[in-house]
Amino acid sequence: MTVTSLKKYKGSTYEAELDGARKIYLHADIIADFGIRTGLELDRGELRKIIYASNYRRAFQYALHLLDYRDYSCAEMREKLVKTYKNQELCDNVMDKLRDIGVINDKRYADRLARRLVETKRYGLYRAKREMALKGLDKFTIEDSLSLFEDCTEENLAYLLERKYSRLLTDENDRKSIEKVKSSLVRYGYCFDDINRAVRNYFECADDLQQED
């Protein structure tokens, strides 16, 4: 087949017409890399290489665009790419390049996510593990990142009881309200032993303050 027309389309994109009928749209870099010009003869194999290179470039640029707005895990980014470009081999190759240049890094992503979940959202380690697994992170990466925050449980529970649940904890004999708080903290990802200890400490501190008054 022959490139019968080559003209600028939008920005850095060119419109290449093949045999006076089929049109493909290629970035200027692809035009230069393959020496595409009017009158160029192409066989099907060469055309497939050009289209693959064009799609690879688009997918790579799309990934960089997404990363301008937030971090992604490898699994999340691959899912985005496959959904858009429908070519698993191409997307795997793009992912390889993203990892090679360091813009996708599951360890770095996991460390940042663990910090946000535990220190900002005040999730317990069980909830944090579930949330991180939903991002496609593997078990060992998750455990390694969360190991940095194992000592946050007591502080986080005390914070939540004081800032979020104090209105329900006015009477240590009000079992209904206390159980409601405990159930909520289980959903936050804390174990029963830690919750019971934290609630006990909360009321002990409250009693101490009352005695001082």
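Helices (H or I, at least four residues) and strands (E, at least two) are DSSP runs, numbered from the N terminus. On that basis the chain holds 10 helices and 3 strands, and read along the sequence they follow the pattern β-β-β-α-α-α-α-α-α-α-α-α-α. The radius of gyration, taken over C-alpha atoms, is 28 Å, well over the 17 Å that the globule rule gives for 213 residues, so the chain is more spread out than a compact globule. The globule rule is 2.2 Å times the number of residues to the power 0.38.

This is a predicted model, in which local features need pLDDT of at least 70 and side-chain atom pairs count only at pLDDT 80 or more, while totals for chains, interfaces and linings use all residues. Residues are numbered from 1 along each chain as its sequence is written, and side-chain values use heavy atoms, with hydrogens and water left out.

**Overall dimensions and surface**

- The C-alpha trace of the chain spans about 95 × 30 × 25 Å along its principal axes.
- Of the 213 residues, 36% are buried, where buried means under 20% relative accessible area, exposed over 50%, and partly exposed in between (1.4 Å probe, protein chains only).
- The chain exposes about 13,300 Å², of which carbon and sulfur atoms supply 46%; accessible areas come from the Shrake-Rupley method with a 1.4 Å probe, and for residues only the protein chains shown count as cover.
- Among contacts (heavy atoms within 4.5 Å) with a separation of 6 or more, 54% join residues 24 or more positions apart.

**Charge**

- The chain has 40 positive and 39 negative side chains, and the centres of the two sets lie 8 Å apart.
- In this count Lys and Arg are positive and Asp and Glu negative, with His and the chain ends not counted; the place of a charge is taken as NZ of Lys, CZ of Arg, CG of Asp or CD of Glu.

- Serine 5 is placed in strand 1 (residues 3–10).
- Not counting residues up to four places away in sequence, serine 5 touches Glu15, Ala16, Glu17 and Thr38.
- Serine 5 and tyrosine 72 are 67 residues apart in sequence, and their C-alpha atoms are 40 Å apart in space.
- Aspartate 19 sits in the loop between strand 2 (13–18) and strand 3 (22–27).
- Phi of aspartate 19 is near 55 degrees, a positive value in a residue other than glycine, and its 48% relative accessibility makes aspartate 19 partly exposed.
- Serine 54 belongs to helix 2 (residues 44–67) and is buried at 3% relative accessibility.
- Leaving aside neighbours within four places in sequence, serine 54 is in contact with Tyr25, Leu26 and Ile30.

- Arginine 122 occupies the loop between helix 5 (106–120) and helix 6 (125–134).
- Phi of arginine 122 is near 65 degrees, a positive value in a residue other than glycine, and arginine 122 counts as buried at 16% relative accessibility.
- Threonine 141, in helix 7 (residues 139–146), is buried with a relative accessible area of 15%.
- Not counting residues up to four places away in sequence, threonine 141 touches Asp106, Lys107 and Ala110.
- A polar contact of 2.8 Å links the side chains of threonine 141 and aspartate 138; the term denotes a pair of N or O atoms within 3.5 Å, where within protein one must be able to donate a hydrogen and the other to accept it, and residues adjacent in sequence count only if both atoms are side-chain atoms.
- Arginine 163 lies in helix 8 (residues 153–163) and is exposed, with a relative accessible area of 62%.
- From C-alpha to C-alpha, arginine 163 and aspartate 138 are 33 Å apart in space and 25 residues apart in sequence.

- Lysine 182 is in helix 9 (residues 175–187) and counts as buried at 12% relative accessibility.
- Beyond its neighbours within four places in sequence, lysine 182 is in contact with Arg175, Ile195, Asn196 and Val199.
- Glycine 189 lies in the loop between helix 9 and helix 10 (192–212) and is buried, with a relative accessible area of 3%.
- Leaving aside neighbours within four places in sequence, glycine 189 is in contact with Gly124, Leu125, Tyr126 and Arg127.
- Glycine 189 and aspartate 29 are 160 residues apart along the chain, and their C-alpha atoms are separated by 50 Å.
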